[in-house]
Amino acid sequence: MNKTTITKDFENKRVTIVREFRAPKSAVWHAWTSAEELEKWWAPRPYKALTGSFEFREGGHWHYYMLSPEGEKTWCYVGYERIDTERSFSASDGFCDENMNLSPDMPH
């Protein structure tokens with residue numbers, strides 16, 4: 001059985017999501033750490049996630065945009081902070097522009 005636990009810390013503007021899957025650990029890890037796999041499931045339908053650049057490493061990033069059915073692009077940035085291979089990772093996520101400049105008017 002899959003299980004999801006979400007912890008919200010509004011004071012520090014943090015959300016922690018723990019998800020357990022009934023699948024091989026290597027397959028789940030690959031789905032979260034490969035741009036090609038993330039593009040298959042990350043965006044809410046009917047949007048698509050398309051990668052601009054991707055480096056899954058501490059200090060690396062995923063720069064992508066969500067493409068709307070009308071052709072509008074919403075750029076996003078995930079900055080990878082800590083990685084414990086095949087166990088966990090932490091990242092910071094926010095909206096940005098096509099040059100990876102984070103938007104000061106949107107959540108991060």
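Is Lys-13 buried or exposed? I looked this up first: Lys-13 counts as exposed, at 73% relative accessibility. My cut-offs are under 20% relative accessible area for buried, over 50% for exposed, and partly exposed in between, with a 1.4 Å probe and protein chains only.

**Ground rules.** This is a predicted model, so I noted that local features need pLDDT of at least 70 and side-chain atom pairs count only at pLDDT 80 or more, while totals for chains, interfaces and linings use all residues. Residues are numbered from 1 along each chain as its sequence is written, and side-chain values use heavy atoms, with hydrogens and water left out.

**Hairpin.** I went back to Lys-13, which sits in the loop between strand 1 (3-9) and strand 2 (14-20). Helices (H or I, at least four residues) and strands (E, at least two) are DSSP runs, numbered from the N terminus. The two strands form a hairpin with four residues between them, and Lys-13 in the turn has a positive phi of about 55 degrees. Strand 1 and strand 2 run antiparallel and are joined by seven bridges; pairing takes at least two bridges found by DSSP.

Most residues other than glycine have a negative phi, and most peptide bonds are trans. I found another exception in Glu-86, with a positive phi of about 55 degrees. Glu-86 is in the loop between strand 5 and strand 6 (88-95) and is partly exposed at 33% relative accessibility. I also found a cis peptide bond between Arg-45 and Pro-46, omega about 10 degrees. Pro-46 belongs to the loop between helix 2 (35-41) and strand 3 (48-54).

Which elements give two or more residues to the largest nonpolar core? That core has 11 residues, including Trp-29, Leu-38, Met-66 and Ile-83. By "core" I mean buried Ala, Val, Leu, Ile, Met, Phe, Trp, Tyr and Cys residues joined through side-chain atoms within 4.5 Å.

**Rings.** I got 14 aromatic pairs. Rings of Phe, Tyr and Trp (its six-membered ring) pair with centres within 6.5 Å; planes under 30 degrees apart are stacked, over 60 edge-to-face, the rest tilted. Phe-56 and Tyr-80 have ring centres 4.8 Å apart and planes at 75 degrees, so I logged the pair as edge-to-face. Phe-56 lies in the loop between strand 3 and strand 4 and Tyr-80 in strand 5, so the pair ties together parts 24 residues apart in sequence. Tyr-80 is buried at 5%, whereas Phe-56 is partly exposed at 22%. Trp-62 and Tyr-64 are stacked, with centres 3.9 Å apart and planes at 20 degrees.

**Pocket.** How many residues line the largest pocket? I counted 45, with Val-15, Ile-17, Trp-32, Phe-89 and Ala-91 nearest its centre. On a 1 Å grid over the protein atoms alone, a pocket is an open set of points where a 1.4 Å probe fits, with protein on both sides within 12 Å along at least five of seven lines; lining residues have an atom within 4 Å of a point. Strand 6 gives the largest share of the lining, eight residues.
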